[in-house]
Each structure stands twice: as C-alpha cells, then as structure tokens.
Amino acid sequence: MAELIKDIDFSDENPRLAKFLEQAAKEIAKDIPDRPEYKKPALNTDFSNYVVVLGLPIAEGDKIKTLGEILVKKVLGSLELVEHFRDLVFGYDNSNTKTNGTALIGFDSADSARLAANGLHNLALDKKHTFKAYILGEFDEIIGSESKFTPPVLLSRQELHGWFDDAQRRDMFLMRLGETQVQLKWFENLENRIDDAAPTVTADEPIKSVVWSVHGTFAVTLHKSGFRIWGGSRFECLSYCRHPEVRCIEFSNDENYILSFNGTNVEVNNSENYIIWNRASAERLRVFRADATHTWGKFKFSADSKYIARVTEELLSVYELPAVSLIVDTATGKKAAMKIPNLKEISWSPKENLLLCPAFLTQKEREKVSAGGHPPKPKFHVLEIPSRNERKWKTITQDIESLDLRWEQHGNYVLAFTKKVKGKKFYTSIQLANFKKKEQTYFDRDFDDLADGIYLDQANKRVAVSTIKTLSDETSFMRYNHAFFRVEEDDKNNVELKECGTLINRHGNEVIWSPNGQFFIVVNLTEAAIRGYMEFGVIRAVQGVTPAVYTAEIIKTIQYPYLTTVSYDPSGRFVSCFSAQNQVLTIFHNYGVQYIKESIKGLQQFEWRSRPNIVLDQRIENEVNTGYKNYSKKYEEFDDKVLNKTKYERERLQQQQREEFLAFLTQKRRTWEESRPERVKIRGFDEDNLSDVTFDELIVDEVDIDAREIVPGANPSPDKAGKK
C-alpha cells in the first residue's frame, strides 16, 4: 500500500492543499498493513565468484581426477583457499575424453575468487605449465573486446592543468549542445562576453550528460555504451571506458580512480553494475553486482584515495586501492568485512582515514522488531581505518527516521542532520561533533518543526534550515521560512551553532550558498507556478555591535521563466541561470547585476569547471598578506586596461607607430653612413662635415640668367638680345 501511495499524483489539486493531501495520505498508509512483497524473478548472471584458469596439463581417464586433487589440495592449499572452494569444472576437447587445458573454479564469494585469480595468475606448476587466471566476467570482456586496441592518450601535468594558470584568472565552463556536441568557454566578466576556450568537440554517439572531475582536470561524457574522458588544452578525448547504460560516475579525490554505476542487476539484466576503473589506463580494477535494493551512494572513496568503502546489508567492506582487496582484520589476520547491524550509510572524514557509520532502524523497521522484543537504539560507529579501532560517540536516545552527514571542509567537525521521532511527531535535530579535540565534544540543536531542506556551506561553516510556512491568504503558493546559522569556535576549540539571520514568508524553497561564504540565493525550482523566483542575499555583520551580530538581507529579487539550474562559479563571484526550455544562459554578479544574457541554440546543460583547493604554506600566505597592496595595484591596473580598452588600444597604436618611425630613421641613418665613402669619392668632400669646404670653392663662374630666356614665349630684353 505504501508503494501505491507514492504513485498517487496530487498535482491536479489546489496547490494550497496538494502538499497536505500528500502528507495525509502518507500518514494513512502507515496504518495500513503492507501486502507481501513478491520480488520479480531475475536470472542471476553474476559469475564474479568463478575463476577461469588456462595453461593446465592435458589429462584423460583417471588422471583427470588426480589433476583435480592436485589443483584443490596442493595449489589452492598453498594459497589458503581450500575452505572457500566450491566446485571445479574442466574444459574438454571435441572428443570429450581429454581436457583442453582449461578449468572453471567456483568459490564462496567474489573476494575469494579475486584472491584465487591473483594467486594463480602466472603461477608455474612445472617447467612446461604456467597458469593464466581471470575472473570469469573479466575473461568474457577480454574475449569480447575489439581486436584493434586504441591506447589512452597520456598528457603531461602542464597540459592537463594549463587552464588553471590563466593569466586573467577567468572562469571556465562547458555547455552540452544538442545530442553530441560539447563546447568549452571562458567567461570574460570585465568585457561581458564569453570566448572559446577550445574547439567544439563532437562525440560518436549521443551524450546523456557531462560531469567534471573533482578538481576540474577532466570532463566525462556519459553515453549509452559507456563513458569518455576528455581533457588537455585542446579538450581531446583521452580514453573510453565501456559500461553499457552507465548513469552515474564519481572520481576519487586524487582523480586516479573512477567508480561507475549503471543501475541494479534487475534494471539492466546484468551483474556488472559497479565498476572501479584506473583512470589513466582505462583498466577495470574490480566489478561488483548491485542487488535490487542497492542505490547509488553505497560506495565512498577515502579522502587520500587509498581506500574505497562499501555498504551492503549489515556489512561494511573496506577495499584497498588499486588492488581493490579487503583490508586485513588485525584481530584475526584475515581479510574480511565488518558486520554492523542496521548500518544505513557511511561517510569519510576529509582529513584522516576515519569512517562515520550510523546504524539505526526506521519507524517501519522498528514496528517489525517490536513485535518480538525491544528495537535497538541508534548508534554511531566511528572507525579508524585500517586498524578498525572504534572511537566513542555521544549516546543517542531518540529514534531516528533518516539522517544526513556533512563534514566541514577540513574534517574538524561533522554535522549530523537527523529526522527524529517523538511520539507520533517528526522533528529535525542538528548534532555538531567537534573532532579538533582528542575527545569529541558535541553541540545539539532541535527544531520544533520538520525541516523541508538543510543546506551546508562546507568551506565557510554556515548552515541554512528551511521550513514550510502555512499557506498565504493572498495566493495559493507555498511559503517558506529560512533560518541561517554559523559555526563558531572559542579559544578552547569548543563549537556551537549561532543564528545569523532569518527570512520569513518567502517563495523560494531552496538555499544555495556562494563558495565565498558571504552571499546566498533563495530560489524555487520545483513549483511550476513560481518556478524561477530567485532572491540574491548576503549575510552582514550589524555595524557598531559587540560581540558581532549578523543578519540576512535580500539584495535583489528577480523572476527567471522556466529556470532549469542555478549555480555559483567556483570563486563565488558569479551566478549562472540556465533554461533548457528557452535555451537561454544568463550570468549575474553576486548582487544580482546582469553580465550577459545569450540565446544558445541546442543548449541542454551548463556546468562551471571545478577548481582544485590549494592550501598555501605559511611562507606564501605571509607573502600574500604583506604584499596585499602590491597585488591589488597589479590587478587593478590589469582591470583598468580591460575596462578602458579603447584608450589603451589607441595608446598602444601610437606607441607602435612611434617605434616603427624610429626604426625607419635608424635604418636610413645606417644606410646613409654606409654610403659615406662613395659620396666623398664622387663629390670630393664629406658633406656631413662642412668644415672641410667653403662655399667660395663651390662657385666656379657666376652667370646672370634672365628668366625670360628659359621661359617659353617670353620676349628677351634688348640688351640681352644685342649681346647675344
């Protein structure tokens, strides 16, 4: 019944009542017993616990049994895998009497099969026989791969990160156009325009979406057959990874590994659901199956990219990279997963290899357990990896319905946003755990109502909590209240949440924080009637008040029709608004001032390019702080040249002409000097040195000339005529 309630559509009802009707239906559904769930039968195509072995001796008759005993007792015994062995099947030749040198060995788990494949590969049985071993799925991939190999393109670090050293410090973004094209652009905020950053690329097949890597080094295009990795100054295709129906990907923090996901084994009818890749070589490192209940987010990379953890049922599995093998349990000395009852999710610390693992039962699960006893209370497990040592966490007394964990950027504290149950009422609680201290300290804050959304600015220690207000009397639109908080520390590293402003009775139902921590946007992207309603806001300190008191202010309000996405650039200076329906891109300043608005044919997706987080050492930080005025002057001059481009272009042209004229004079002077000997020889003196000659020496004979003698048609004077 609960599943049926999810499918009921209240959108045609009065918007003032729709949300309440939906909530009421959910409450009614809780009291209706669920009918037995019958799972849809699915063919199990997962053979990740089987190993294909090549290079075996050929045997027939009784020797086949002997060969099997040698393989199991001797070979697998040497690898300590006999207890995990399940079955052995030999391959036969056409006569069906002799083996053909191959075998299929089954194990109790995929992890055991992986250990067997690693141990058997290149193992020499004798001088004539050396084994080759592969997981069955990987063997099928090798056999089915194309005969022509296209190697990945390897670029230098400078080629991959050249964009980050842009002298003008511009921001870059990509746009997906139509079905197959991607364009890379620079945003010129001083000149209010966008410029090409690389040639437009066209994929061989339709693109479903584009994703940037963690630090913006690579872009990934998702296709029906797999995904392609792009990068470099020419934005070229570096490699291709085949994973049919892929829908999600995630990079490790060092961008050396990729996790891809194509849905559950029931949805795609295959068992290659999660794949871990070596990014540089485009090589599969490990394949996992996703059962019907699995969702994206069950795998998490550690901050140092040495491990990847996985949640399955009540098991926590931590794998070491790049081998993707389980870490060793120091208590037993064996590789094994950790059993944690009621485990719901996991979260790595950004600072150290510390796993936070909350375990609790939802209300429906508690009701099932309570029939046979008392359900266990929620518990937070804090595990050190790889030692598996557990740290303490404050006891939780209230039942939890759902939970969301968010770490501060540097791992100094974590915020646990929980939906708790008190009687029949749900409410929101925030627990702040301080990891700066050797023993964690905690700060708790409960809200009277259930939060509609919680938004954390991880870099700047700010939180926004949104709640639904009663319907407005004037309109049929929903209204929302937003409370803003900041994490404050005292000189003893104690932390607490302090309110820094509220916004009441707003149309926007979502808060987006600027990466610079001061600005924010309140927007509505979900309710059709007011979709695109957007408010630009800022958190300010009240002047003249000590200790500091903060307030939230709205700077500007706009309505953006058919708005699809809103996002800040990585620097937090600009806001992009994109409408897929209208195919319009608009970029604003933090204060809501419009820079550009362009109609772009075929625009389907817009993504700012991520930037790496760079931590300056103390020397460079001191240099920046002490030389702030010099840096300011340098960039102000640069900005002035861009803003007053016409003036500087005219001055540049004048300077260029001056230099060209001086170069012309220099060249002619050189030619004149080189011709001096020849001129002296012809004329008998150096005309540049007037002391060598007097003007009297130049006058050989004086003759009076009447101009009329040389002017045609002039009458000569009588005196001149007689003499002549």
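This is a predicted model: local features need pLDDT of at least 70, side-chain atom pairs count only at pLDDT 80 or more; totals for chains, interfaces and linings use all residues.

Reader: How many salt bridges does a search of the whole structure find?

Author: A pair qualifies when a side-chain nitrogen of Lys or Arg lies within 4 Å of a carboxyl oxygen of Asp or Glu. Searching the whole structure on that basis gives 33 salt bridges.

Reader: How many residues apart in sequence are the parts tied together by Asp 108 and Arg 86?

Author: The side chains of Asp 108 and Arg 86 form a salt bridge, at 3.8 Å from N to O. Asp 108 belongs to the loop between strand 3 and helix 4, and Arg 86 to strand 2, so the parts they tie together are separated in sequence by 22 residues.

Reader: Is Arg 247, the partner of Glu 267, buried, partly exposed or exposed?

Author: Glu 267 and Arg 247 meet through their side chains in a salt bridge of 3.6 Å, N to O. Glu 267 sits in helix 7, while Arg 247 is in the loop between strand 12 and strand 13, 20 residues apart. Buried would require under 20% relative accessible area and exposed over 50%. Arg 247 has 42% relative accessibility and is therefore partly exposed.

Reader: Which strands are tied together by Glu 499 and Arg 445?

Author: The N to O distance in the salt bridge between the side chains of Glu 499 and Arg 445 is 3.9 Å. Glu 499 is partly exposed at 42% relative accessibility, and Arg 445 is partly exposed at 27%. Because Glu 499 lies in residues 495-506 and Arg 445 in residues 441-446, the pair ties together strand 35 and strand 31.

Key
Residues are numbered from 1 along each chain as its sequence is written. Side-chain values use heavy atoms; hydrogens and water are left out. Helices (H or I, at least four residues) and strands (E, at least two) are DSSP runs, numbered from the N terminus. Buried means under 20% relative accessible area, exposed over 50%, partly exposed in between (1.4 Å probe, protein chains only).
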